[in-house]
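Hi there,

Here is the structure I promised to pass on to you. My notes follow below it.

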2 protein chains.
Amino acid sequence: MVKATALYGHPEDPDAFDEYYANTHAPLVEEIPNLQRFEAAKIVATPDGSELPYYLMADLYCEDLEQLQGGFATDEGQAAVADIQNFATGGVTLFFSEIGA
Amino acid sequence: MVKATALYGHPEDPDAFDEYYANTHAPLVEEIPNLQRFEAAKIVATPDGSELPYYLMADLYCEDLEQLQGGFATDEGQAAVADIQNFATGGVTLFFSEIGA
């Protein structure tokens with residue numbers, strides 16, 4: 001099992017980010033082929049009370065890396081990636097990882 | 001549902017990191033009370049082929065934030081956190097997040 005992770009930095013306008021993410025971006029992500037699970041999580045705390053390093057993280061689960069990269073290469077995948085610039089005013093860090101590797 | 005996430009930077013000696021993580025650190029993490037699932041994933045690629053931003057990510061799932069923070073406050077939780085300095089030569093970023101929030 002693999003996942004694609006997006007770590008979003010703190011947006012300029014969190015309410016606008018939340019609204020756009022829920023109503024526009026998440027539906028685009030759900031159109032990406034080959035995905036098995038989509039998990040978004042709002043960063044809420046750190047163990048030592050230090051500043052939150054990110055605003056939101058999203059994990060997209062897929063069977064293997066070939067299917068994940070293939071999903072991102074489709075029109076739906078490219079549309080979801082291209083949409084990031086429409087709301088990620090705090091920047092984004094994207095990577096793929098292999099679970100249990 | 002909430003999770004604690006650890007993002008490990010690139011270690012000085014990846015083989016030593018992997019060996020220590022699998023045989024020493026992961027067993028300590030599994031002793032932390034209240035955890036429901038432990039998922040470790042090796043970062044393997046980025047969508048645009050850029051440098052991998054982290055080496056390994058670990059997610060610890062728990063029912064709610066109170067139980068998660070309570071688990072980290074136990075002797076077992078403190079031992080697992082204290083152990084990070086023994087192998088995380090590339091640094092670590094730790095945070096708690098609320099899934100679906």
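B:N34 is partly exposed, as its relative accessible area is 35% (buried is under 20%, exposed over 50%, partly exposed in between, with a 1.4 Å probe and protein chains only). This is a predicted model, in which local features need pLDDT of at least 70 and side-chain atom pairs count only at pLDDT 80 or more, while totals for chains, interfaces and linings use all residues. Residues are numbered from 1 along each chain as its sequence is written, chains are lettered from A and ligands numbered from 1 in the order in which they are written, and side-chain values use heavy atoms, with hydrogens and water left out.

B:N34 sits in the loop between α1 (14-29) and β2 (35-45) of chain B (helices are DSSP runs of H or I with at least four residues, strands runs of E with at least two, numbered from the N terminus). The phi of B:N34 is positive, near 80°. Most residues other than glycine have a negative phi.

In chain A, A:N34 also has a phi near 80°. A:N34 lies in the loop between α1 and β2, and counts as partly exposed because its relative accessibility is 35%. The loop between α1 (14-29) and β2 (35-45) of chain A holds A:E30 too, which counts as exposed at 56%.

As for the chain as a whole, chain A has 3 helices and 4 strands, in the order β-α-β-β-α-α-β from the N terminus. Buried residues are 43% of its 101 residues. The C-alpha atoms of chain A fill a box of roughly 40 × 30 × 15 Å along the principal axes.

Best wishes
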